[in-house]
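These are my notebook entries on one structure. I set down here what I looked up, entry by entry.

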Amino acid sequence: MSSGLDCGAIHLQSRYSGSSSGTLPLAGLFFLTVCLQIKVPPRAEEITIPADVTPERVPTLPLILVGNKSDLVEYSSMETILPIMNQYTAIETCVECSAKNLKNISELFYYAQKAVLHPTGPLYCPEEKEMKPACIKALTRIFRISDQDNDGTLSDAELNFFQRICFNTPLAPQALEDVKNVVRKNLSDGVAANGLTLKGFLFLHTLFIQRGRHETTWTVLRRFGYDDDLELTPEYLFPPLKIPSDCTTELNHHVYLFLQSTFDKHDLDRDCALSPDELKDLFKVFPYIPWGPDVNNTVCTNERGWITYQGFLSQWTLTTYLDVQRCLEYLGYLGYSILTEQESQASAITVTRDKKIDLQKKQTQRNVFRCNVIGMKGCGKSGVLQALLGRNLMRQRQIRAEHKSYYAMNTVYVYGQEKYLLLHDVSESEFLTDAETICDAVCLVYDVSNPKSFEYCARIFKQHFVDSRIPCLVVAAKSDLHEVKQEYSISPADFCKKHKMPPPQAFTCNTVDIPSKDIFVKVTTMAMYPHARLRCMCACNRCTFCICQNFLNSDLLQSVKNKLFTAVLNRLRLHIDELGAMLLADEESSIIHQVHAVSSVEDSIFMESSLDPHLLEDRHVTQADLKSSTFWLRASFGATVFAVLGFAMYRALLKQR
């Protein structure tokens, strides 16, 4: 055996032997081997390079400079090699080894694997001795996500949380102080208010890379979803999520709490609204600005046009309902799965059950309902959408045409429950597409001042919704103007009565204050209970009369009442039969006693005739009361039964609500 392992032996072992499992991860890795004390031949063997092998087709791979046969010399050549490493930036590491005495052999393959799994090239620029822009951008995003109170520093608690989610172990208090002391010695503004600043955070990772611990930086990057090119992976941004047909997607309670904390984190002035600067600060963890100016006309804003807390949640709910994949992407940028320690963003989504099941069970568990607003152009559909956001006609006139939105979402309270109502302005057309007919309720809007406006609503209703189970509500918009007769065969009121719909609801947004939201409460109620035909001549749908009337006329209440009557009467029938038998037995016994008492009565006629007349009258009254005791007993029993039924119905309705 030779005293050392030459270059050819290393090459053959890595390519052909297959005996060492340590060489398997080294696919595509070149070893640049420097043989010490070996004479180089004056002429190398002739090598033909294929024509398709060009510099642009050869990927940049990590290199390891290996000094072999180090057992033949008594000194180190590292000082001579360092200038070569500085000249060729692709060289990851320089190792001196010896196959004879096994010096640094395991270290050689360790650094080879490390060069493949944790390359330095994407992170660090040796010429400038600083991290590359892509690495700085990724680590900056990670710092902003980890800074949960948005104060510009990582506190001890935040550093411990960061350490735990990345390395599964917390830092001891003394270790935290040691880290901050290292930063203080090298960077004046690396620590502020006893917290690690962004500059200090970047300095630590630069120090790790310079000392050959770049696997630490890679562990952090990959925990936050980055690949080898420092791009967020599709698996991180778009986790698998199965959505059956006729089902919708909503956010669950946990993600609403996360969004609430995110809003509070960036609402620095605590005015319950995000200013343009605060919104820009929130989107710094995004590669682009996800919301355009039309969002301000889709959800609630304050008087200055800033998105409020309710509008913030509504926009996220809208995105989840319309495009759940985009919602998953946005939550990934915010680091939802990391901060909440969930497997992926898919845990934030609730997939509702099939709508057909809701109709069969006559109840729903959904919290978001979609209503398509249909009508002729200029009939006032935009006014209806903006009225949902609490904007009157004066505020609507300030909206620029290019910022117009065809959606509006806000919360509506129905029987004390908070629900989200999504309004969609459907463009005027002769026929609606299948996508435009998929909704939970329909608003047919016509202009009371335009005689040709209602005809379009009636035609669309007959084409798409007359045989549908989707509830429809006719809205008489611009009710503040003079009402004219509609050019249709029957009036809108008769049309609604004919098709068993609620009467036309008068609506106007030309008000001094916030427009009325009665029609939104009513359409949401219809979407929640599509099986119930709600009819109420009062248009408010908010007073006690309207609420009671809607419930009393609903099919749900009738069904519950019938089932309760059947169940209670079946249980009481046996007791009623037993009670009737007892009463009959009492009557028979009383007749027998009366027959036996005839003789005694005849004997006492003389005595009774001698009694006082007043006493006789009292006695006859007492006997009448005794004869009617059966009637009063039955009446009391009936009243008790009806009281029990009424209480059971009340409990059932209370549970249903």
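**Phenylalanine 283 and the cysteines**

I looked up the contacts of phenylalanine 283: leaving aside residues up to four places away in sequence, it touches Ile289, Pro290 and Trp291, where contact means heavy atoms within 4.5 Å. The model is predicted, so local features need pLDDT of at least 70 and side-chain atom pairs count only at pLDDT 80 or more, while totals for chains, interfaces and linings use all residues. Residues are numbered from 1 along each chain as its sequence is written, and side-chain values use heavy atoms, with hydrogens and water left out.

I then placed phenylalanine 283 in the loop between helix H11 (276-282) and strand S11 (307-308). Helices (H or I, at least four residues) and strands (E, at least two) are DSSP runs, numbered from the N terminus.

Is phenylalanine 283 buried or exposed? I noted that phenylalanine 283 counts as buried because its relative accessibility is 4%. Buried means under 20% relative accessible area, exposed over 50%, and partly exposed in between (1.4 Å probe, protein chains only).

I also checked leucine 334: its C-alpha lies 8.6 Å from that of phenylalanine 283, although the two residues are 51 apart in sequence.

Next I turned to the cysteines. A disulfide is a covalent bond between the sulfur atoms of two cysteines. Here a disulfide is counted as a pair of cysteine sulfur atoms within 2.5 Å, and I recorded 0 disulfides by this rule. Cysteine 443 is in no disulfide, and the nearest cysteine sulfur, that of cysteine 371, is 3.8 Å away. Cysteine 443 counts as buried because its relative accessibility is 3%, whereas cysteine 272, at 52%, counts as exposed.
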